[in-house]
Structure formats: structure tokens, C-alpha cells
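Hi,

Here is the structure I promised to send over.

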Amino acid sequence: MKSPSRGQLLQAIKGFVRVYPLGRPRFNKTTGGVYTPSESQRDLWHELSSFRAERFALPIIVDCTFYFREKGPYITSKQLGDIDNLVKAMFDGMVKTGIIEDDSYIVGGEYLKTTCTEDWYEVNIYGAADV
């Protein structure tokens with residue numbers, strides 16, 4: 001199956017808060033409820049809400065790059081979080097703030113985490129040209 005190709009750049013987002021990985025849902029032994037830790041997501045959601053231009057409800061390709069303040073010579077999951085959880089946190093934030101209608105519209109993308117002098121992220125949203 002052929003990967004979808006990038007069409008027109010629809011929106012470019014650069015933010016300057018640290019993106020924390022969104023972990024799997026947890027079980028609360030006291031209340032018996034299930035919750036997803038979102039305390040660290042509030043800064044991301046607040047910042048993403050300022051980028052809302054239009055709500056995308058079409059097949060899109062999303063490229064995400066996460067930059068983290070250097071903590072040593074190597075990038076490890078323990079330091080920065082797994083890339084899949086970082087991407088999940090970004091997609092959830094984009095849905096919650098209305099940038100995209102639903103993350104099921106995302107048909108592809110490239111994801112990268114790297115070190116830098118400051119914590120920040122970059123997201124480029126493209127129309128999927130041949131989906």
C-alpha cells in the first residue's frame with residue numbers, strides 16, 4: 001500500500017512548552033475509577049488553543065518534532081518519554097483545543113525527538129494529497 005503524499009501546508013505550529021508523554025490510563029484504587037494523567041497537559045492545551053485557525057476535518061498528515069533540553073549525550077525514553085506517547089499527547093491536545101476534529105483524520109506523518117538548548121515543539125499539518 002502506498003503512503004499518502006503531502007499536499008499543501010495547512011498550518012505550522014511552534015510552541016515553547018515542554019510536551020510530556022501521555023501515559024496509558026491508570027486505575028485509582030481509592031475511588032475505583034480510571035483516569036489518564038493530564039496534569040502536565042494543561043500548558044500544552046493552553047498554548048495550542050492560541051493556534052486555532054480552522055478545524056481540520058479532512059485527511060491530513062502531521063509531522064511532529066519534539067525538542068528537549070539536553071540532559072546528557074544520549075536521548076533515552078526514561079528522560080524524554082516514548083515517542084508514541086509524545087505524539088499521542090500532541091494529538092489529544094490538538095483535538096481538545098479544536099485544531100483537528102478527530103485524530104482519526106490523521107493518515108500519516110513523521111515524528112522525531114531530539115535534544116536542544118530549550119524545550120519546544122514544532123508541528124506541521126499538511127493536506128493528504130492522494131487519500
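Of the chain's 131 residues, 37% count as buried, meaning under 20% relative accessible area, with exposed being over 50% and partly exposed in between (1.4 Å probe, protein chains only). The chain exposes about 7,900 Å², and carbon and sulfur atoms supply 50% of that (areas by the Shrake-Rupley method with a 1.4 Å probe; for residues, only the protein chains shown count as cover).

Before you read on: this is a predicted model, where local features need pLDDT of at least 70 and side-chain atom pairs count only at pLDDT 80 or more, while totals for chains, interfaces and linings use all residues. Residues are numbered from 1 along each chain as its sequence is written, and side-chain values use heavy atoms, with hydrogens and water left out.

On the fold, you'll find 3 helices and 7 strands (DSSP runs numbered from the N terminus: helices are H or I, at least four residues; strands are E, at least two). From the N terminus, the order is β-β-β-α-β-α-α-β-β-β. Among contacts (heavy atoms within 4.5 Å) between residues at least 6 apart in sequence, 86% join residues at least 24 apart.

Now the charges. The structure holds 1 salt bridge, i.e. a side-chain nitrogen of Lys or Arg within 4 Å of a carboxyl oxygen of Asp or Glu. Arg69 pairs with Glu118, with 3.5 Å between the closest N and O atoms. Arg69 sits in strand β4 (residues 60–69) and Glu118 in the loop between β6 (111–116) and β7 (120–128), so the pair ties together parts 49 residues apart in sequence. Arg69 is partly exposed at 42% relative accessibility, and Glu118 is partly exposed at 45%.

Cheers
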